[in-house]
Amino acid sequence: MVAHYQITGSSSAAISASVESGIRGGALPPGAALPAVRTLAVELGVSPATVAKAYQDLRRRGLVATAGRHGTRVRPRPPVAARSALHPPPAPGIRDLALGEPDPRLLPPLGPHLAALAAEVGPPTGYATTAVHPALAEAARDRLAADGVPAGELTVTGGALDGIERLLAAHLRPGDAVAVEDPGWANLLDLVAALGLRPIGVPVDAEGPTETGVRDALFLGARALIVTSRAQNPTGAAVGADRAGALRALLAGRPDLLLIEDDHAAELADIPLHPLAGATPTWAFVRSVSKPYGPDLRLAVLTGDEATVARVAGRARVGAGWVSGVLQRLVLALWRDPATTALVHRAGESYERRRTGLLTALAARGLTGHGRSGINVWLPVPDETAAVTALRDAGWAVAPGALFRLGAPPAIRITVSSLDDADLLPLADAVARAVRPTPPNIFTA
């Protein structure tokens with residue numbers, strides 16, 4: 001428990017509000033331990049049941065997590081905006097390999113396309129005429145079909161996570177179980193917690209979610225399964241043809257299961273797509289444009305069965321309404337531009353070279369990392385905190401695996417997107433020293 005923050009309240013609602021206030025103000029930072037239920041009950045003069053109910057509410061809303069003998073702690077990224085930055089930038093001189101973003105040097109320039117749009121766009125559109133741009137929808141269907149994604153209804157959302165949130169909210173209720181990759185995308189794990197859903201971790205290998213893991217999750221009552229097609233964050237896994245066939249056979253005939261497939265890397269991926277889409281009657285395939293074309297382009301194409309897409313589009317209509325038509329036209333222009341297509345292809349090749357180069361350098365030092373595709377390398381380590389700290393002292397900021405894990409072993413995630421070829425060997429040397437520090441010489445005075 002953080003010593004300078006005192007939780008207050010005489011009811012479960014007041015105690016929950018006090019903890020949330022501490023998180024919002026920064027007095028209870030990510031990872032901070034809360035008092036044991038009985039300890040806080042004695043301090044506040046209330047019953048243990050009152051404190052337990054407060055903690056249950058905080059868990060349901062994704063602000064805290066219970067980690068067995070480690071007690072109840074503030075989640076790494078609780079769904080409440082804090083006045084203090086949760087992830088301050090690294091100090092000067094520290095190379096940031098923790099963010100998981102594409103290399104800005106390899107993103108296509110938007111200026112020429114925005115200028116062209118400024119000349120083309122006619123009178124402002126009104127509320128009644130906003131929808132999926134017909135030409136964007138046609139182009140999206142062609143691109144998806146070329147990758148073997150079955151034809152379905154189509155809409156657009158404000159990015160991949162926005163689409164996944166709408167899918168889960170439309171089909172599930174708080175307390176329902178969701179099968180997620182473990183390790184998996186940190187933002188998704190945070191979203192599942194914020195929606196009050198119960199995550200079931202599915203182990204991941206180089207070919208994606210394991211067949212045994214998915215089968216176990218179904219047995220445990222998972223009502224939804226979320227799979228990353230390729231460039232899985234953080235491990236770089238990609239669903240191969242054999243794994244796709246096995247999973248499709250396993251999922252066939254499961255009308256009670258929502259299958260969500262996330263192809264966030266899209267055109268940037270350096271490996272073929274083997275989709276699971278359509279394996280279940282209720283399904284959705286989400287493809288974002290953020291990684292290939294820029295994180296600020298908050299748009300994803302979502303296709304799926306008629307009922308599922310209708311729910312997503314209908315929910316958007318009574319909420320945010322629509323994805324900007326100007327943004328849709330900009331994405332369409334990027335898709336149609338041969339120079340942009342060539343740049344995205346070169347970016348994919350560059351990421352592959354950096355990723356495989358780092359994996360090779362680590363292997364030469366006796367370290368086995370993972371990264372079949374994408375912009376990240378996942379490296380198992382004995383002690384995350386020690387490795388992250390040692391690397392920061394050596395001038396490299398990497399992400400601790402705890403952000404991405406439910407029950408998977410400790411590891412660190414290294415984003416390769418900003419690395420140059422000359423960085424690979426010095427980084428591999430630093431990682432080797434951080435993971436296997438030189439023992440002190442006991443004979444030295």
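Q: How many helices and strands does the chain have, and how is its overall build to be read?
A: In this predicted model, the chain has 15 helices and 15 strands. The radius of gyration of the chain is 23 Å, close to the 22 Å that the globule rule gives for 445 residues, so the chain is as compact as a globular protein of that length. Along its principal axes, the C-alpha trace spans about 65 × 60 × 45 Å.

Q: What share of the residues counts as buried, and what share of the contacts joins residues at least 24 apart?
A: Of the 445 residues of the chain, 49% count as buried. Among the contacts between residues at least 6 apart in sequence, 72% join residues that are at least 24 apart.

Q: How should I read a sheet, and in what order do the eight strands stand?
A: As a general idea, the strands of a sheet pair through backbone hydrogen bonds, either parallel or antiparallel. Here, eight strands form an open sheet with mixed pairing, and their order is 4-11-10-9-8-5-6-7. Strand 4 (153–157) and strand 7 (208–209) stand at the edges, each with a single partner strand, so one side of each is left without a neighbour in the sheet.

Q: Which helix packs on this sheet and touches strand 4, strand 10 and strand 11?
A: That is helix 5 (residues 134–146), whose direction makes about 110° with that of strand 4. Helix 8 (residues 211–219) lies across strand 5 (177–182), strand 6 (198–205), strand 7 and strand 8 (222–228), and it runs at about 165° to strand 6.

Q: In what sense do strand 10 and strand 11 pair, and which residue is the bridge partner of Arg-287?
A: Strand 10 (residues 282–288) and strand 11 (residues 300–304) pair in the antiparallel sense, over five bridges. The bridge partner of Arg-287 is Val-301, which is in strand 11.

Q: In what order do the strands of the three-stranded open sheet stand?
A: The order is 12-15-14, and the pairing in this open sheet is antiparallel. Its edge strands are strand 12 (376–380) and strand 14 (399–400), each of which pairs on one side only. Strand 14 pairs with strand 15 (residues 411–415) in the antiparallel sense over two bridges, and Ala-399 stands opposite Arg-413 in strand 15.

Q: Where is Ile-414 found, and is it buried or exposed?
A: Ile-414 is found in strand 15, and it is buried, with a relative accessible area of 0%. Leaving aside neighbours within four places in sequence, the residues in contact with Ile-414 include Leu-97, Leu-358, Ile-375, Val-398 and Val-431. The C-alpha atoms of Ile-414 and Thr-341, which are 73 residues apart along the chain, are separated by 27 Å.

Q: How is an aromatic pair described, and how many does the structure hold?
A: In general, a pair of aromatic rings is described by the distance of the centres and the angle of the planes. The structure holds one aromatic pair. The rings of Trp-378 and Phe-404 have their centres 6.0 Å apart and their planes at 85°, so the pair is edge-to-face. Trp-378 lies in strand 12 and Phe-404 in the loop between strand 14 and strand 15, so the pair ties together parts that are 26 residues apart in sequence. Both Trp-378 and Phe-404 are buried.

Q: Why does Asp-190 count as buried, and with which side chain does its own side chain make a polar contact?
A: Asp-190 has 14% relative accessibility and therefore counts as buried, since buried means under 20% relative accessible area. Its place is in helix 7 (residues 186–194). The side chain of Asp-190 makes a polar contact with the side chain of Arg-75, at 2.8 Å. Not counting residues up to four places away in sequence, Asp-190 touches Arg-75 and Arg-77.

Q: Where is Lys-291 found, and which residues does it touch?
A: Lys-291 is found in helix 10 (residues 290–293). Not counting residues up to four places away in sequence, Lys-291 touches several residues, among them Gly-100, Pro-102, His-264 and Ile-375.

Terms used:
Residues are numbered from 1 along each chain as its sequence is written. This is a predicted model: local features need pLDDT of at least 70, side-chain atom pairs count only at pLDDT 80 or more; totals for chains, interfaces and linings use all residues. Side-chain values use heavy atoms; hydrogens and water are left out. Two strands pair if DSSP finds at least two bridges between them. Helices (H or I, at least four residues) and strands (E, at least two) are DSSP runs, numbered from the N terminus. Rings of Phe, Tyr and Trp (its six-membered ring) pair if their centres lie within 6.5 Å; planes under 30 degrees apart count as stacked, over 60 as edge-to-face and the rest as tilted. Buried means under 20% relative accessible area, exposed over 50%, partly exposed in between (1.4 Å probe, protein chains only). A polar contact is a pair of N or O atoms within 3.5 Å; within protein, one must be able to donate a hydrogen and the other to accept it, and residues adjacent in sequence count only if both atoms are side-chain atoms. Contact means heavy atoms within 4.5 Å. The radius of gyration is taken over C-alpha atoms; the globule rule is 2.2 Å times the number of residues to the power 0.38. Axes are lines fitted to C-alpha atoms, for helices over the stretch in contact, and angles run from 0 to 180 degrees between N-to-C directions.
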